[in-house]
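Thank you all for coming.

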Amino acid sequence: MSQHENDESRRHFLKIAAGTAAAAVVFAAMPKRAAAAGLPHLSPSAPQAQALGYVDDTAQADQAKFPNHKINQYCGDCAFYQGTAAEQWGPCQLFPGNDVHVKGWCSAHKMKK
C-alpha cells in the first residue's frame with residue numbers, strides 16, 4: 001500500500017468518525033420527549049405494571065394491597081414521570097418503552113421535589 005493510499009484511507013476514516021461524532025452530539029442534544037413520542041400506552045395487565053400495582057387512574061389503586069397510597073398521588077406529580085402535566089400520556093422511567101397516564105399511579109410513586 002502506498003503512502004498516498006494510506007493518507008486517503010486515513011482521511012476517509014476521519015471523515016466518517018467526525019460525521020458519527022457530530023450525529024451523536026445532535027442526537028444527545030435532542031429533547032428526551034421527542035425521542036419517546038408515540039410510545040404505546042402501558043397496560044395495567046402487563047407483568048411489570050402488575051408488579052408495581054400500576055393503574056390508569058389513581059382512584060382505582062388497591063388500598064388493601066397498597067395501604068400507603070394516597071388519592072392525591074398520581075403519575076403527573078411523580079419524579080419518574082417524564083411527560084408534562086398538560087399531556088394525557090407520557091413516558092415514565094420505570095416503564096421504558098411505554099407511556100403512562102398522567103392520572104395513573106403505581107407503588108413506586110415518588111413526589112417531585
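Let me begin with a question: the charged end of which residue sits over the ring of Y74? It is K103, whose charged end lies 4.4 Å from the centre of that ring, where sitting over a ring requires NZ of Lys or CZ of Arg within 6 Å of the ring centre and within 35 degrees of the ring normal.

Before going further, some conventions: this is a predicted model, in which local features need pLDDT of at least 70 and side-chain atom pairs count only at pLDDT 80 or more, while totals for chains, interfaces and linings use all residues. Residues are numbered from 1 along each chain as its sequence is written, and side-chain values use heavy atoms, with hydrogens and water left out.

Both Y74 and K103 also touch T58, whose contacts include H69, I71 and W105 as well, not counting residues up to four places away in sequence; contact here means heavy atoms within 4.5 Å. T58 lies in the loop between helix 3 and strand 1, helices (H or I, at least four residues) and strands (E, at least two) being DSSP runs numbered from the N terminus. With a relative accessibility of 8%, T58 counts as buried, a word that means under 20% relative accessible area, with exposed over 50% and partly exposed in between (1.4 Å probe, protein chains only).

Turning to the core, the largest nonpolar one has 12 residues, among them L42, Y81, W89, V100 and C106; such a core is a set of buried Ala, Val, Leu, Ile, Met, Phe, Trp, Tyr and Cys residues joined through side-chain atoms within 4.5 Å. V100, which is placed in strand 2, is buried with a relative accessible area of 0%. Leaving aside neighbours within four places in sequence, V100 is in contact with residues including L42, Y54, Y81 and F95. V100 and S43 are 57 residues apart in sequence, yet their C-alpha atoms are 8.5 Å apart in space.

Finally, confidence, for which pLDDT is the predictor's own score for each residue, from 0 to 100. The protein chain averages 85, and 75% of the residues score at least 70. Among its elements, strand 2 has the highest mean, 97, whereas helix 2 (residues 32-36) has the lowest, 47. Where pLDDT is low, the predicted coordinates should not be read in detail.
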